[in-house]
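Please open the model in your viewer and keep the selection tool at hand. The stops below are meant to be followed in order.

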Amino acid sequence: MIRPMTLADCAAFNQIYNHYVEQTAVTFDCAPWSLSQRIDWLKGRLANARLGTWVLELDGVVQGFAYHGPFRDRAAFDCASEISIYLAPDVQQCGWGSALMQTLIEHCQKNHYSVLYSVVTAPNQASEKLHRRHDFIFVGRLTGCGYKFEQFHDVLMFERQLQRD
């Protein structure tokens, strides 16, 4: 089941996210998040009704999450949002990424966003396929813009236009 994230989910969220921080270049965070950092992060998000944060719960266990936030911090960018989806490794390639993506898209349309962006560390074929399956288009590559695990990493930018009112 996909449901809105609550403060009680922060530890499980961190367990999934910190795996990617410590083991991969999928996120450019280089240090794990503490529980207090995650709680503060979520409290800030809960204070803004336009922002959405969801968890994927299977058999009572959080196995993934999705959220979106401001694309940039200038007022003219308020119509744009950047999305993120993470799944526990053992539930990847089961359709849950698509379910979380659809939740994000529907929420953003209802909250009057006109465009979504996603930044994907290259290579990541599964993520690229997920975005293309949901009508995101590749709009650019930033070469060597991240440095983690003693090497430079490229990121791919994907964009999806939403219906405008």
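Predicted model: local features only at pLDDT ≥ 70, side-chain atom pairs only at ≥ 80, totals over all residues.

Residues are numbered from 1 along each chain as its sequence is written, and side-chain values use heavy atoms, with hydrogens and water left out.

**The nonpolar cores**

Select M5, F13, I16, F65, L116 and F136, which have the most contacts inside the largest nonpolar core, a group of 36 residues. A nonpolar core here is a set of buried Ala, Val, Leu, Ile, Met, Phe, Trp, Tyr and Cys residues joined through side-chain atoms within 4.5 Å, and buried means under 20% relative accessible area, against over 50% for exposed and in between for partly exposed (1.4 Å probe, protein chains only). Next, colour the elements that give two or more residues to this core, among them α1 (10-23), α2 (35-46), β3 (61-70) and β5 (115-121); α1 gives the most, with six residues. Helices (H or I, at least four residues) and strands (E, at least two) are DSSP runs, numbered from the N terminus.

Now centre on L116 and, leaving aside its neighbours within four places in sequence, show its contacts (heavy atoms within 4.5 Å), which are S81, I83, I105, C108, F136, F158, E159, R160 and L162. Then select F71, V115, Y117 and M157, which belong to a second, separate core of five residues.

**The salt bridges**

The structure holds five salt bridges, each being a side-chain nitrogen of Lys or Arg within 4 Å of a carboxyl oxygen of Asp or Glu.

Start with D9 and R3, whose side chains meet in a salt bridge at 2.8 Å, N to O, and which are both buried. Is the pair D73 and R74 buried or exposed? D73 counts as exposed because its relative accessibility is 66%, and R74 is likewise exposed because its relative accessible area is 56%; the closest N and O atoms of their salt bridge are 2.4 Å apart.

Move on to helix α4 (residues 125-133), where E128 and R132 lie four residues apart, about one turn of the helix, with their side chains meeting in a salt bridge at 3.5 Å, N to O. E128 is buried, with a relative accessible area of 17%, whereas R132, at 43% relative accessibility, counts as partly exposed.
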